[in-house]
Amino acid sequence: MDNGVSAGSTASTSTLGHMALGLTLLAFGIGNTGIIDGVTVANSVSLATFIGGLALFVLGILEYRGGNGFNGTAFAGIGAFWFTWANGADGKVSADAAGMFLVLFAMLALSLTVAAAGGLFGQGVYGLFTLSLLLLAVGTFAESDMLGKVGGWVAALSGLLAWYGATAALASWPMAFGKRSSGAVAAS
């Protein structure tokens, strides 16, 4: 691709990235809660692989190319998380290895929480994601289904917040990712 050719608007890739993150977190979270009979976290593997994993990783690369290092890091890093999680979700690893994996990616999510701009939507999404990963990790280590369910609820809430922020950016609602400039709402 010629360097003079734009890969697309970073505002649109950011909005799409937050939408993909939100939908994946919602599916993952709802699967962990067990609130819908017959729907488990394993049912979110395809969505996590392709939307949360592959699509977010590609959007992260596009964000880097567009000059947005934060969203590039967030989307590519979380895309790697979802892709890796989905490939080990069927019990290919021990519970301790799965717990350690969740702790390591909670560290990434914590870094994103600290660095995020955008108040409630930036830090809120990544903060709740961090908390959900930690709850799921402790639940995995302790073999506690209850902590897994609580972690699922927190993940679903994080996903709902990310989905709302992306929808708000698309609809130009007053509360969206990033800062207002000239009356427009843009995704960060």
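**Aromatic cluster, cavity and pocket in a predicted model**

F101 counts as buried, at 19% relative accessibility. Buried means under 20% relative accessible area, exposed over 50%, and partly exposed in between (1.4 Å probe, protein chains only). The model is predicted: local features need pLDDT of at least 70, side-chain atom pairs count only at pLDDT 80 or more, and totals for chains, interfaces and linings use all residues. Residues are numbered from 1 along each chain as its sequence is written, and side-chain values use heavy atoms, with hydrogens and water left out.

The structure holds 11 aromatic pairs. In one of them, F81 and F101 are stacked, at 5.4 Å centre to centre and with 15° between the planes. Rings of Phe, Tyr and Trp (its six-membered ring) pair if their centres lie within 6.5 Å; planes under 30 degrees apart count as stacked, over 60 as edge-to-face and the rest as tilted. The F81–F101 pair links distant parts of the chain, with F81 in helix α3 and F101 in helix α4, 20 residues apart. Helices (H or I, at least four residues) and strands (E, at least two) are DSSP runs, numbered from the N terminus. F81 is buried, because its relative accessible area is 1%. Ring pairs join F81 and F101 with F28, W82, W85, F105 and F129 in a cluster.

A search of the whole structure finds 1 cavity of 30 Å³ or more. The volume of the largest cavity is about 30 Å³. On a 1 Å grid over the protein atoms alone, a cavity is a set of points where a 1.4 Å probe fits but cannot get out; a pocket is an open set with protein on both sides within 12 Å along at least five of seven lines; lining residues have an atom within 4 Å of a point. Grid points are joined across faces, edges and corners, and a volume is the space filled by probe spheres set on the points. The lining of the largest cavity consists of I78, F81, F105, L108, A109, L112, F129 and L133. The largest share, 4 residues, comes from α4. The lining has 8 nonpolar residues, no polar and no charged. Ala, Val, Leu, Ile, Met, Phe, Trp, Tyr, Cys and Pro count as nonpolar, Asp, Glu, Lys and Arg as charged, and the others, Gly among them, as polar.

The largest pocket holds about 680 Å³ of space. It is lined by 26 residues, of which N32, W85, A98, L102 and T140 are the closest to its centre. Elements α1, α3, α4, α5 and α6 (145-171) each give two or more residues to this lining. α4 gives the most, with 5 residues. The pocket lining divides into 12 nonpolar, 11 polar and 3 charged residues.

T13 lies in helix α1 (residues 10-33). T13 counts as buried, at 7% relative accessibility. Its side chain is joined to that of E63 by a polar contact of 2.4 Å. Such a contact is a pair of N or O atoms within 3.5 Å; within protein, one must be able to donate a hydrogen and the other to accept it, and residues adjacent in sequence count only if both atoms are side-chain atoms. Beyond its neighbours within four places in sequence, T13 is in contact (heavy atoms within 4.5 Å) with L59, L62, E63 and F75.

Positive phi values occur in two loop residues other than glycine, E143 and S172. Phi of E143 is near 55°. E143 sits in the loop between α5 and α6 and counts as exposed, at 69% relative accessibility. Phi of S172 is about 55°. S172 lies in the loop between α6 and β1 (180-181) and is exposed, at 53%.
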